[in-house]
Amino acid sequence: MGTVTAAISVSAAAAAVVSRPADRRRHRGPAAFRCSASAASERQALFSRIAPVYDHLNDVLSLGQHRTWKRICVSWSRAKMGDRVLDLCCGSGDLAFLLSQKVGLDGEVMAVDFSRQQLQTAAERQEQRWKLCYKNIKWIEGDALDLPFTDCYFDAVTVGYGLRNVVDKSRAMQEIFRVLKPGSRASILDFNKSSSLFTASLQSWAIDNVVVPLASGYGLTEEYKYLKSSISQYLTGEELEKLGREAGFTVAKHYELGGGLMGNLIATR
């Protein structure tokens, strides 16, 4: 566990990013971005509780399809060999591992999450599934609303099932825009808030009759009931595109995946 704990601390390289001159970072007054601290803490606690079974439930509930959607998300980020990339809200590391293979040993993957338990799970998986390229991953406990990186630092950013759970989505998109290099992409995968009555009804039925009952077997009934409300409070594809443009992205396009159950926003700076 000592190795894991060390892995999720900000590494020497990441610390160098944090300590770079502040004048390259946008100045933000405390009143500019107010959000509910209690809501953020509740969500952080929720993801910490589900961390031990998160990957297994994802496999079962999506019949393994979540792996296909995540590969698409990473592919659409256009990350390539030698790039420095960010996986925001990295959870247990699925996208970070895929990015690691994309950028290779000459690249860097900064994987950021607000849940220490999720990061511990990710670091343990890194050791268990060891590949040489995984040496390029740094696990960092951090806040999506105040990223510890200088402006225009990354060649690509991915977010997998994370933006929906961020309290202030506008601020998160502004931070993603800030740390991306001009011309680079953010690829953001999540559940789709469909405008189709059939798709929305199917999604709701599946959560009530498949997801929650299965989660209850792990003692996580209330945690997975949250999924339904988080989707209903999320943004539609059109609203996500608007959010991206308002954050400064020149192009923002949302694509439906999995028969409309999932969606992926591509935002180009």
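In which helix is Phe198 found? Phe198 belongs to helix H9, residues 197-216, where helices (H or I, at least four residues) and strands (E, at least two) are DSSP runs numbered from the N terminus. The model is a predicted one, in which local features need pLDDT of at least 70 and side-chain atom pairs count only at pLDDT 80 or more, while totals for chains, interfaces and linings use all residues. Residues are numbered from 1 along each chain as its sequence is written, and side-chain values use heavy atoms, with hydrogens and water left out.

The protein chain contains 11 helices and 7 strands. Of its 269 residues, 52% count as buried (buried, under 20% relative accessible area; exposed, over 50%; partly exposed, in between; 1.4 Å probe, protein chains only). Among contacts with a separation of 6 or more, 77% are between residues 24 or more positions apart (contact, heavy atoms within 4.5 Å).

Phe198 counts as exposed because its relative accessibility is 64%. Together with Leu202, Trp205 and Val210, Phe198 forms a nonpolar surface patch with about 440 Å² of accessible area. Patches are made of residues with over 30% relative accessible area and no salt bridge, like charges being joined within 9 Å and nonpolar side chains (Val, Leu, Ile, Met, Phe, Trp, Tyr) within 5 Å.

The structure holds 12 salt bridges (a side-chain nitrogen of Lys or Arg within 4 Å of a carboxyl oxygen of Asp or Glu). One of them pairs Glu108 with Lys138, with the closest N and O atoms 3.6 Å apart. This pair links distant parts of the chain, Glu108 being in strand S2 and Lys138 in strand S3, 30 residues apart. Glu108 is partly exposed at 22% relative accessibility, whereas Lys138 is buried at 18%.

Arg178 takes part in a salt bridge with Asp151 (2.8 Å, N to O). Here too the pair links distant parts of the chain: Arg178 is in helix H8 and Asp151 in the loop between S3 and strand S4 (154-160), 27 residues apart. Arg178 also forms a salt bridge with Glu175, the closest N and O atoms being 2.8 Å apart; both residues lie in helix H8, 3 residues apart, about one turn of the helix. Arg178 is buried, with a relative accessible area of 4%, and Glu175 is buried at 0%. Asp151 is partly exposed at 21%.

In strand S2 (residues 108-113), Asp113 is buried and has its nearest side chain of opposite charge, Arg116, 11 Å away (Lys and Arg count as positive, Asp and Glu as negative; His and the chain ends are not counted). The side chain of Asp113 reaches the backbone nitrogen of Cys90 at 3.3 Å, and one of its polar atoms lies 2.8 Å from the backbone nitrogen of Gly91. In helix H8 (residues 169-179), Lys169 is likewise buried with no salt bridge, and Asp168, the nearest side chain of opposite charge, is 8.1 Å away. The side chain of Lys169 reaches the backbone oxygen of Val166 at 3.0 Å. Beyond neighbours within four places in sequence, Lys169 is in contact with Leu163, Arg164, Tyr234, Leu235 and Leu243.

How values were computed: Polar contact = N/O pair within 3.5 Å; in protein donor to acceptor, adjacent residues only side chain to side chain. Areas by Shrake-Rupley, 256 points an atom, 1.4 Å probe, with all protein chains shown as cover.
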